[in-house]
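Trainee: Could you take me through a protein model slowly, so that I learn how to read its features?

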Amino acid sequence: MAQFRRPQVETLVKRLSEPPGRIVAIFGPRQTGKTMAVGQALDAISRESRYVAVDEPASMDAPGPFEEVGSTASLRPAERDTAWLQRIWESSRRKAWDSIRGYVLVLDEIQRISGWSDTVKGLWDADRRSGCPMHVVILGSAPLLMQAGLTESLAGRFEPIRFTHWSYAEMSQAFDYSLDEYIYFGGYPGAAGRKRDGARWTRYIREALVEPNIERDVLAMTRVDKPALLRRLFELGARYSGQELSYNKMLGPLQEAGNTTTLTRYLKLLSDAGLLTGLPKHTARPAAARASTPKLNVLNTALMAVASGYTFEEARADRSYWGRTVESAVGAHLINTASPNTIVRYWRDGPHEVDFVLQRGPNTVAIEVKSGATPGALSGLSEFQRRFSPRAAIVAGASGLPLHEFLSFPSDHWIDSA
């Protein structure tokens, strides 16, 4: 694992090897290796650097890996404001001017500072006017706020590097996951060492991933009038992953006054946080797609496993549940690896259905997932081909492309290679 590098590391090395022209903005869900990747990139380029974790309580008592003792970074997270940020920046700027090989300032969880983006804009613009030889890398695990701050105040001043959940190929290479292990345990690298202890693994997913993700990256960063409703929406969605569930039906089990507009927004927040999404139905009419019943899909199948209460062995023994888990794993992979221009949907009309539909511009690819040992009927795929004439129709699993092979390629591969 120590030697394993995600592809984003090479991208970051390239950015930091060039003269500083834009801020490097790294964002994505928790536990996807953002901080580790920065450390690997810094080791590769051998530049002087300073790493500051804005929300790290440990900084109260000891300097971070690149901080001097007694620095202003030792303030409590709650005391860190834009004035603190400016002092950190100016101190790093002086070191950059004195550095022979160049200098890198890394600010982790920067979205915790209110008004950070306007301050960074002013400091960065001043550095560009003076030619300061300092690279700046900002990280954040609250994608909604990170992206809002970047696009609103720092447009044209940053280059994004997006992190998503780890793929099957990455978990297999780094942790020797089998296909079935990946389908059940998902793509959280920090949980890999706990998979043999089911209770410990479950506790880690709940307490170290789900709770901080919802509490700190959604509720603390965005206005949510009904936090209990959002939490129960996540729990319900994790249990029903791989199934269509209308907003009205969601409101019933949730037993909470609300409306579909609220649920739509909350589902978007959960999606931005890398937890759960709702796929729209594929249709020739865009307005109808927006109003369609969503198909729920976790973005990491570990979330589905924890919600089910099943052990690994119990999950594989329940053929119906395992089939939904396999389908959810494929859906998560397609969503996580799709380019910004590629849309992932599903299709159903009466008895006919297709698990996933990829669309990029005029190009459409239909994908059916078969998890059983024997192939099932493909009438839905045939009907979709008759009505929409997709560029390709793919069966992933039994009688089709082996699942491990399908999960080895990003979504756009199937559009480009069709």
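Trainee: How many helices and strands are there in the protein chain?

Mentor: Helices (H or I, at least four residues) and strands (E, at least two) are DSSP runs, numbered from the N terminus; in this case the protein chain has 18 helices and eleven strands. Please keep in mind that this is a predicted model, in which local features need pLDDT of at least 70 and side-chain atom pairs count only at pLDDT 80 or more, while totals for chains, interfaces and linings use all residues. Residues are numbered from 1 along each chain as its sequence is written, and side-chain values use heavy atoms, with hydrogens and water left out.

Trainee: What share of the residues of the protein chain count as buried?

Mentor: A residue is buried under 20% relative accessible area, exposed over 50%, and partly exposed in between, with a 1.4 Å probe and protein chains only. Of the 418 residues of the protein chain, 53% count as buried.

Trainee: Is arginine 6 buried or exposed, and which residues is it in contact with?

Mentor: Arginine 6, in the segment before α1 (7–17), has a relative accessible area of 3%, so it is buried. Contact means heavy atoms within 4.5 Å, and, leaving aside neighbours within four places in sequence, arginine 6 is in contact with Thr32, Phe163, Thr164, His165, Trp166 and Glu170.

Trainee: Where does glutamate 18 lie, and what does it touch?

Mentor: Glutamate 18 is in the loop between α1 and β1 (23–27), and it counts as partly exposed because its relative accessibility is 34%. Not counting residues up to four places away in sequence, glutamate 18 touches Arg47 and His135; the C-alpha atoms of glutamate 18 and histidine 135 are separated by 9.3 Å, although these residues are 117 residues apart along the chain.

Trainee: Which residues have a positive phi without being a glycine?

Mentor: Most residues other than glycine have a negative phi. Among the exceptions here is serine 46, with a positive phi of about 55°, which sits in the loop between α2 (34–45) and β2 (48–53) and is partly exposed, with a relative accessible area of 42%. Another is glutamate 109, whose phi is near 60°; this residue is in the loop between β3 (103–108) and α4 (116–130), and it is buried, with a relative accessible area of 7%.

Trainee: What is threonine 337 in contact with?

Mentor: Threonine 337 lies in helix α15 and, at 25% relative accessibility, counts as partly exposed. Apart from neighbours within four places in sequence, its contacts are Pro410, Ser411 and Asp412. Threonine 337 and serine 411 are 74 residues apart in sequence, yet 5.7 Å apart in space, C-alpha to C-alpha.

Trainee: How many cavities of 30 Å³ or more are there?

Mentor: Rolling a probe the size of a water molecule over the atoms shows where empty space is left. On a 1 Å grid over the protein atoms alone, a cavity is a set of points where a 1.4 Å probe fits but cannot get out, and lining residues have an atom within 4 Å of a point. Grid points are joined across faces, edges and corners, and a volume is the space filled by probe spheres set on the points. By this rule there are two cavities of 30 Å³ or more, and the largest cavity holds about 100 Å³ of space. Of the 14 residues lining the largest cavity, the closest to its centre are Trp166, Tyr182, Leu299, Ala332 and Asn336. Helix α15 (residues 319–337) gives the largest share of this lining, five residues.

Notes: 1 Å grid on protein atoms, 1.4 Å probe; cavity = no way out; pocket = protein on both sides within 12 Å on 5 of 7 lines; lining within 4 Å.
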